[in-house]
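Here are my notes for a first reading. Please keep the structure open beside the points and check each one as you go.

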Amino acid sequence: MKRTTLSLIAGATALAAVTGFASLTTPDGPAAPEAKAATRLPVQRAGLVCPVPSTSEVAETLYTSYTPPSTIAGTGAAKGGGSGKTEQPTAQLRPAVNTTTSGGTAKGGKKAKAPKAPATVTAPGKPVTAEADGSAVPALTGAATGTLAPGWTVQQTTVVPAGGARGLLGLGCGAPDTDFWFPAASTAKERQDYVHLTNPDDTAAVVDIELYGPEGALKSQFTEGIPVPARSTVPVLLPTLTGEAAQQDVTVHVSTRSGRIGAAIAAADEKLGSDWLPAAADPASSVVLPGIPGDATSVRLVAFVPGDDDADLKVQLATTSGTIVPAGTDTLHVKSGMTSFVDLPGLTRGSAGSLLLTPSDPKKATPVVAALRVVRGKGADTEIAFLPATAPVVARATVADNRAKGSTLSLTAPGAAAQVKVTASAGSGGGTPVSRTVTVKAGTTQAVTDLVPEGLKGSYALTVEPVSGGKVYASRTLALPLDGTPMFTIQTFVDDRGTVEVPAARQDLGVLD
């Protein structure tokens, strides 16, 4: 029996462009061997989740939404399903239906308070901002389509000038997923750590939470089968999940039984300040934590092994001039299923650096997750931030909401030397984008502070794209001092996955027997 292959290939290509994956077979078996190699096309849809920014009445939150210009062919507007009409691209955040108290279920919650202006991107290349103040600001979910989908990013920046949650809290709104690791969380009395679970979909999600301290898994209660209703958010206070004694350093594992969620931890220390703790990169045998501020007064490394084998790690610091071993800490032993930590006093000594964790014995490589708790300032004028391990920038990554003064881009090449293209976008209120090719020497960290759009008005986005050489890891530090307190936050650059690999159409679109 004869069957044509054209519609099959087109359908699989469209599926991959939207969902990120597709397989291609003929009705009678695998695709013919003469098919061309796969190609990359821009994604047609991207979703993001932003948690409730703060519970403080004096909180001031700024959302910055941005899509970088695309250099890839095929980024035209999407076609309506079979209608032949061209759908206009959109990129917008909308309030979650309900905010639910810890562990509870949403039942006719209060009407959500949306930002003063919709954070709606209308064209690639220009950031759009929206303000939302106070404690009633809801979680937000949204999606970008068409030309606005590839690389869409949203930055959530909150200033809390006073109170127990005082600090600068920054977070790159994340894509919904099913598995998250959070080293550097805490159930200590001086900490208030809430894990925010936000469901962007039309069906409920079911979530499990596991806690691991220095002695292993903490006995937990109410941690299995937590319901997260459709288009709702559930904040869970970590100490309420266990009856065990308070633990200064805890690793949190969040996974879904069904559905998908966005997850992030809001951490507030009554003495040190507050910030978001984002999820760490997936477990890996070598870990990079890029962009520790040069004036950090305290740095604590927290690591965890999810698997059955212990890990012995070599600890190094990539400085502006080369890779060194931190004084007094050249190795770290991490037992399976137990949270390990070590303080690294005087780590950066005035110059930005990046922490590198690699197997002490390459033949015994064990996947780990890790994060840093970083403190700036002294005495009553201190501020805290968290720096999770991150993956390298593969194709492109962006962090929005940068300011003319106060933004520092840190680039690290732990292996071979590398070149990257860095672009500062137009400002949210005006300005001309500028780009620069930056060379990062092998085993070093390079700080970039002077790349600002010409005629800048408002805030801008920074985009990093590899050009040549080895792997590059990056982060952005935003410093906004307030009344003598060195408020700051750090966001890593996560590859935006703006393209997806799809099967190439065969040149011979004839028939198969």
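1. Cys173 counts as buried, because its relative accessibility is 8% and the cut-off for buried is under 20%. Please bear in mind throughout that this is a predicted model.

2. The partner of Cys173 is Cys50: the two form a disulfide, with their sulfur atoms 2.1 Å apart. A disulfide is a covalent bond between the sulfur atoms of two cysteines. The count for this model comes to one disulfide. Cys50 lies in strand β5, whereas Cys173 lies in the loop between β12 (167-172) and β13 (179-185), so the pair, 123 residues apart, links distant parts of the chain.

3. Which hand does the disulfide of Cys50 and Cys173 have? The torsion about their S-S bond is about 115°, so the disulfide is right-handed. Cys50 is buried as well, because its relative accessible area is 0%.

4. Strand β5, which holds Cys50, also belongs to an open sheet of three strands, in the order β5-β10-β7 with antiparallel pairing. Its edge strands are β5 (45-50) and β7 (91-95), each of which pairs on one side only. From one strand to the next, the twist averages 20°. Strands of a sheet pair through backbone hydrogen bonds, either parallel or antiparallel.

5. Between β5 and β10 (residues 140-145) there are six bridges, and these two strands run antiparallel.

6. Beyond its neighbours within four places in sequence, His253 is in contact with residues including Phe180, Trp181, Asp208, Ile209 and Tyr212.

7. Lastly, the chain as a whole. Its secondary structure comes to one helix and 42 strands. Of its 513 residues, 51% are buried. Among contacts with a separation of 6 or more, 81% are between residues 24 or more positions apart. The accessible surface comes to about 22,000 Å², and carbon and sulfur atoms account for 53% of that surface.

Terms used
Residues numbered from 1 in each chain as written. Predicted model: local features only at pLDDT ≥ 70, side-chain atom pairs only at ≥ 80, totals over all residues. Heavy atoms only, no water. Helix = DSSP H or I, 4+ residues; strand = E, 2+ residues; numbered from the N terminus. Buried < 20%, exposed > 50% of the residue type's maximum accessible area, 1.4 Å probe, protein only. Contact = heavy atoms within 4.5 Å. Areas by Shrake-Rupley, 256 points an atom, 1.4 Å probe, with all protein chains shown as cover. Pairing = 2+ DSSP bridges. Axes fitted to C-alpha atoms, helices over the stretch in contact; angles between N-to-C directions. Disulfide = S-S within 2.5 Å.
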